[in-house]
Amino acid sequence: MTPPNSTAASRHHKRPRGEGQWALGYHEPLNKNEENKKNDDGLNVRQRIIDIYSKRGFDSIDPADLRGRMRWYGLYTQRKPGIDGGKTAILEPEELDDRYFMLRVRIDGGQLSLEQLRVIADISNDYGRGTADVTDRQNIQLHWIEIEAVPDIWERLESVGLSTTEACGDTPRVILGCPLSGIDTEELVDTTAAIREVHDRFIGDPAYSNLPRKFKSAISGCPAHCTVHEINDVAFVAVTKDGEVGYDLFVGGGLSTNPMFAKRLGVFVRPDQVGDVYGGVIGIFRDYGYRRLRHRARIKFLVNDWGVEKFREILETEYLKEQLPDGPAPQEPRGDRRDHVGVHQQKDGNFYVGFAPKVGRLDGDKLHLIANLAEKYGSRRVRATVEQKMVILDVAPDQVEGLVAELEANDLKVNPSTFRRQTMACTGIEFCKLAIVETKATGIHLIEEMERRLPDFKDPLTININGCPNSCARIQVADIGLKGQLVVNDKGEQVEGFQIHLGGSLGTNANFGRKVRGLKTTVEDLPDYVERVVTNFESQKKEGERFSDWVQRADEGDLK
């Protein structure tokens with residue numbers, strides 16, 4: 001006879017459903033992505049590209065490589081031209097794929113020599129139809145790349161110490177660093193050596209090339225906190241404890257459709273421990289990270305579920321085999337703009353000059369121009385920033401005026417408007433298969449319109465434009481965050497537009513943007529909306545009040 005409630009009892013004692021965590025014994029792939037990675041490490045696709053695909057052409061590429069493993073070397077298929085945003089989530093991948101690739105060149109710490117910059121410029125002109133976008137993670141992305149060209153591109157990049165290895169994929173991606181490392185007059189520590197150590201120890205290592213999802217890192221001594229540590233998977237932020245310089249450790253930041261701020265572990269990491277601690281954190285992610293559902297596979301979900309105390313305990317006992325001392329929190333960020341635009345003095349008495357392309361959009365000729373101007377005025381080093389901007393270092397005092405004049409004359413603004421300086425845009429529907437709307441041209445048009453309509457506006461104001469919900473352009477932490485979607489205009493037509501997030505911020509009083517019910521705009525009406533809400537802010541702000549603070553107290557009517 002079956003005991004009463006036996007079904008309920010057995011269900012109660014059933015082993016919990018696994019999240020695919022290797023450390024708990026769940027090694028069998030629980031989705032197609034995990035199966036592909038188990039079948040063959042993404043790093044192995046390089047030789048197939050060289051030996052087979054580049055010689056036999058696009059049609060010879062295995063689909064599992066095309067839409068999976070090739071990302072381990074910075075290659076994504078582009079969106080086929082002419083496919084509107086309404087079909088993004090409807091069509092099969094092979095219907096969206098073009099026969100060309102986006103290629104991401106990883107630039108750890110944003111550090112570039114003139115030789116490296118010129119090589120990228122030549123590749124852009126020779127193989128990428130002149131395309132070159134500076135991203136919000138210090139990379140440079142090229143488009144229109146054909147598979148036949150990839151081996152030559154790699155050879156050129158690697159000849160000057162650059163790479164596309166693990167620029168994408170479920171890997172440790174580019175390591176963010178302050179572009180002023182080693183020269184900032186107020187930095188606590190030069191992180192160049194730490195970034196190089198982490199890169200050399202972990203990038204391209206098969207032990208860390210199969211993570212549950214992407215892994216974003218930052219190591220910075222910048223007093224402005226320019227590497228946005230609050231939204232990285234792991235971040236080392238310079239601090240001082242009892243006169244000794246080290247790092248505070250943050251884990252579990254990330255945006256996308258489930259935004260979370262990184263959490264402090266409260267430990268003090270000495271400079272000589274950075275590599276080991278980084279290895280411990282990424283090891284936890286590899287071994288304990290959730291692999292069952294892709295949308296829960298980022299480390300932020302693990303940190304959120306475990307809590308800081310458990311994460312720190314596992315890090316210290318299972319991976320480091322030692323306890324880390326408690327440490328202080330970082331100081332508040334310097335200034336009200338976390339970038340490096342303008343002319344500022346270095347430690348050595350020379351100057352750096354930061355300038356602003358429009359939404360990171362450059363081209364091969366402009367990259368050559370930047371290299372030539374840097375060399376003309378005595379510099380051998382340029383840097384990319386996490387705000388889609390660039391910096392020329394080491395300019396002698398008597399050379400600054402000439403360099404600034406030539407940059408400005410070539411539309412590389414050293415003294416830009418707020419709108420030029422603080423508007424970012426992701427790749428958008430022009431090339432991205434996930435996008436629903438156009439972004440780069442929209443951002444450029446918005447900048448030009450706002451400069452014309454509000455020429456005297458000077459307050460800090462970040463405007464971040466994203467072509468889909470994934471937040472590559474960090475919409476939730478922008479003053480005005482624009483999430484691409486299709487909306488209905490006044491004529492009842494479905495057109496490109498944005499859901500609007502307002503008042504997001506990092507640093508002091510960090511918060512995610514406020515969503516006002518029904519607050520959307522068409523692309524056509526976007527300049528009118530931005531003008532309206534910025535004008536309301538100007539008329540209502542209190543002395544020294546930031547836009548994000550005003551948004552939190554403003555009436556909904558003033559935000560629409």
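A polar atom of the Arg-312 side chain sits 2.8 Å from the backbone oxygen of Leu-324. Keep in mind that this is a predicted model. Here's a quick tour of that arginine, a pair of packed helices and a loop asparagine.

**Arg-312**
- You'll find Arg-312 in helix α11, which covers residues 308-320.
- Arg-312 counts as buried because its relative accessibility is 17%, and the cut-off for buried is under 20%.
- Leaving aside residues up to four places away in sequence, Arg-312 touches Leu-265, Gly-266 and Val-267, plus Leu-324, Pro-325 and Asp-326.

**Helices α6 and α12**
- Helix α6 (residues 114-127) packs against helix α12 (residues 364-376) at an angle of about 160°, and their axes are 8 Å apart.
- That angle makes α6 roughly antiparallel to α12, since anything over 145 degrees gets that label.
- The crossing of α6 past α12 is left-handed.
- On the α6 side, the residues making the contact include Leu-114, Leu-117, Ile-120 and Asn-125.
- On the α12 side, they include Leu-367, His-368, Ile-370 and Glu-375.
- Sorted by type, the residues of this contact come out as eight nonpolar, five polar and four charged.

**Asn-410**
- Asn-410 is in the loop between α13 (400-409) and α14 (418-421).
- With 27% relative accessibility, Asn-410 counts as partly exposed.
- Not counting residues up to four places away in sequence, Asn-410 touches Lys-366 and Leu-369.
- Asn-410 and Arg-338 are 72 residues apart along the chain, and 25 Å separates their C-alpha atoms.

Technical notes:
Residues numbered from 1 in each chain as written. Predicted model: local features only at pLDDT ≥ 70, side-chain atom pairs only at ≥ 80, totals over all residues. Heavy atoms only, no water. Helix = DSSP H or I, 4+ residues; strand = E, 2+ residues; numbered from the N terminus. Buried < 20%, exposed > 50% of the residue type's maximum accessible area, 1.4 Å probe, protein only. Polar contact = N/O pair within 3.5 Å; in protein donor to acceptor, adjacent residues only side chain to side chain. Contact = heavy atoms within 4.5 Å. Axes fitted to C-alpha atoms, helices over the stretch in contact; angles between N-to-C directions. Parallel < 35°, antiparallel > 145°, perpendicular 65-115°, else oblique. Left-handed = near helix turned anticlockwise from the far one by under 90°. Nonpolar A, V, L, I, M, F, W, Y, C, P; charged D, E, K, R; others polar.
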